[in-house]
Amino acid sequence: MKLFIPSLVLAGAIAAATPVQAQNEIDALRYGRLDAGATARSLGLGGAGGSYGGDYSTLSINPAGLGVYRTSEITLTPVLRFGTTKGDYLGSTTNETDARFNLNNFGMVFTTAAKGKAYENSKWKAFSIGIGYNRLADFHDQVTYSGRNNASSITDIISEDALMNGIGQNLLPPLGFFGYNGFLLYDDLGSIPRATILDEGGALQQTKSWTSGGGINEWNLSLGGNYNEKLMVGLGLNLLSYKFDRTLNFYESDLTGNNNNDFDHLSYNEYLTTTGLGVNLKFGVIYVANELLRIGASVHTPTWAGYTDLMDYDLTTNTENLKLNSGQNDINPVTFVQTDAPYQFDYSLRTPWRGVLSATVFMGQHGFVTADYEYVGYNSMSYSFRDDREYQTQVNNAIRETFTGGHNIRLGVEGRMDNFMGRAGFAYHTSPFKRAADFGGSGMDFSLGLGARFGALFADLAYVYRMRNQSEFAYPLASSTVPNEVADLRYGKNLIALTVGFKF
């Protein structure tokens with residue numbers, strides 16, 4: 001085969017005319033999946049909080065919980081998160097650990113409660129306003145998986161993308177551009193490692209890793225009231241801030257030991273920073289059936305959010321003697337390729353709507369048992385791209401074809417003796433994927449907690465162990481003609497939360 005010699009003029013001529021968006025259904029899911037529980041009390045109860053009320057976390061689940069308050073309060077919840085992510089890929093297992101501190105909750109509740117004759121003469125017994133924030137998702141992760149592959153290479157995907165879309169920089173990710181300028185393709189845009197290694201019976205070592213950070217914070221402004229000690233009502237206006245940072249690397253190297261087959265290794269990097277702001281509304285009620293039973297219901301509108309993505313890419317290759325043998329001016333086997341400038345995209349996303357049904361059974365002054373059922377319409381998510389309606393239709397169809405409704409069940413029990421409380425909780429989250437058997441996505445939470453009340457001061461401590469599993473394709477693009485192995489990721493996350501508060 002004749003070697004394909006990089007030429008910026010030719011690259012520009014072959015490149016497609018219209019940029020391709022990078023946002024997809026998996027990005028939508030990232031911003032549509034939320035964790036329940038922000039204060040240590042709610043975390044110790046498995047994240048349940050739709051019907052017992054009197055805790056700041058309830059503002060993110062059922063704002064009618066404000067109707068339970070009789071005094072004002074301020075709360076603060078720092079958390080320590082640490083854990084391990086296990087990646088299984090091509091028969092090999094790799095573990096990564098990480099740890100960090102952040103603030104999970106800060107909130108103030110201002111309450112006006114009727115007393116004396118005013119209490120007797122008024123049907124409305126109390127009103128409360130809640131102001132503050134709860135952290136609804138944490139994106140900090142460190143993931144690595146690695147394995148030996150004798151069936152495919154990331155350069156097969158690069159080759160196919162180059163053949164289909166050209167080799168310009170205006171495609172995301174610009175795989176054809178990298179393959180062309182990184183000396184990974186022949187003149188027919190076929191993959192060099194495919195011809196010189198895989199088709200000759202060799203194998204490649206592949207390693208994918210990424211580090212991510214950021215989260216979703218919900219800033220609450222909620223109103224709640226108590227009508228005749230029977231019906232609690234609440235309304236919340238919520239501003240959500242989004243931040244996501246990820247640095248991703250895919251490394252592929254030759255396992256044959258042959259130093260003259262035109263490929264030693266490549267290192268492909270993606271850099272993504274996303275920021276966004278969104279708004280939603282939450283409506284809720286809690287009905288006091290009797291002294292033993294409370295029933296709650298709430299509806300969360302979708303969050304209408306706008307985002308900005310800033311993306312950058314680069315590639316480093318080592319092609320051994322290829323440049324020397326093909327008469328290049330630069331015979332250094334190492335080539336570094338980078339796009340001219342980062343890519344920026346502005347777009348909108350409507351996240352899922354949610355409905356929550358809850359019940360709490362009280363055991364007098366000795367505690368209670370509580371449960372939430374939450375439905376999440378993951379298949380109702382929708383993108384809006386101002387300048388690319390065709391891709392908007394494609395990705396929104398992919399959302400409906402990929403996802404289904406999610407079901408979350410949260411259970412908690414609190415026992416009380418004098419001024420001290422003990423808690424335990426459990427939560428189960430079904431997979432959002434229609435093909436759950438292939439892509440996983442379900443999770444479970446186990447939690448324990450303690451609490452103490454001393455006059456106006458109170459403190460709660462919680463420990464949560466979160467188990468999640470999800471699978472993904474290793475390559476940046478999927479293809480029906482290129483074997484794309486699936487990596488199975490298992491997350492074991494620990495969370496220790498301490499809430500301190502003061503009633504006034």
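Me: How many nonpolar, polar and charged residues does the lining of the largest cavity have?

Reply: The lining of the largest cavity has 9 nonpolar, 12 polar and 7 charged residues, where Ala, Val, Leu, Ile, Met, Phe, Trp, Tyr, Cys and Pro count as nonpolar, Asp, Glu, Lys and Arg as charged, and the others, Gly among them, as polar. This is a predicted model, in which local features need pLDDT of at least 70 and side-chain atom pairs count only at pLDDT 80 or more, while totals for chains, interfaces and linings use all residues. Residues are numbered from 1 along each chain as its sequence is written, and side-chain values use heavy atoms, with hydrogens and water left out.

Me: What separates a cavity from a pocket, and what volume does the largest cavity have?

Reply: Rolling a probe the size of a water molecule over the atoms shows where empty space is left. On a 1 Å grid over the protein atoms alone, a cavity is a set of points where a 1.4 Å probe fits but cannot get out, whereas a pocket is an open set with protein on both sides within 12 Å along at least five of seven lines; a lining residue has an atom within 4 Å of a point. Grid points are joined across faces, edges and corners, and a volume is the space filled by probe spheres set on the points. By this rule there are 4 cavities of 30 Å³ or more, and the largest cavity has a volume of about 290 Å³. It is lined by 28 residues, of which Leu-34, Ser-60, Leu-136, His-300 and Arg-354 are the closest to its centre.

Me: Which helices and strands supply at least two residues each to the lining of the largest cavity?

Reply: Helices (H or I, at least four residues) and strands (E, at least two) are DSSP runs, numbered from the N terminus. For the largest cavity, helix H2 (25-32) and strands S3 (124-138), S6 (231-254), S7 (265-288) and S15 each supply at least two lining residues, and the largest share, 3 residues, comes from S3.

Me: Which residues line the second largest cavity?

Reply: The second largest cavity, with a volume of about 50 Å³, is lined by Ala-36, Leu-43, Gly-46, Gly-47, Arg-410, His-429, Asp-445, Val-464, Arg-466 and Arg-468. The largest share of this lining, 3 residues, comes from S18, and by class the lining has 3 nonpolar, 3 polar and 4 charged residues.

Me: Is Arg-466 buried or exposed, and which residues does Arg-466 touch?

Reply: Buried means under 20% relative accessible area, exposed over 50%, and partly exposed in between (1.4 Å probe, protein chains only). Arg-466, whose place is in strand S18, has a relative accessible area of 10% and is therefore buried. A contact means heavy atoms within 4.5 Å; not counting residues up to four places away in sequence, Arg-466 touches, among others, Asp-35, Ala-36, Leu-43, Arg-81, Asp-445 and Tyr-491. The C-alpha atoms of Arg-466 and Phe-446, which are 20 residues apart along the chain, are separated by 6.6 Å.

Me: How does one read the second largest pocket, and which residues lie nearest its centre?

Reply: The second largest pocket has a volume of about 970 Å³ and is lined by 37 residues, of which Arg-41, Val-68, Arg-294, Phe-362 and Arg-416 lie nearest its centre. By class, its lining has 11 nonpolar, 13 polar and 13 charged residues. Strands that each supply at least two residues of this lining include S1 (73-89), S15 (406-417), S16 (420-429) and S18 (457-473).

Me: Where do Leu-189 and Asp-418 lie?

Reply: Leu-189 lies in the loop between H6 and H7, and its phi is near 65°, a positive value in a residue other than glycine. Asp-418 is in the loop between S15 and S16, with a phi near 55°, again positive in a residue other than glycine. Leu-189 is buried because its relative accessible area is 10%, whereas Asp-418 is exposed because its relative accessible area is 65%.

Me: How many residues of the protein chain are there, and what percentage of them is buried?

Reply: Buried residues make up 55% of the 504 residues in the protein chain, whose secondary structure comes to 10 helices and 19 strands. The C-alpha trace spans about 95 × 40 × 35 Å along its principal axes.
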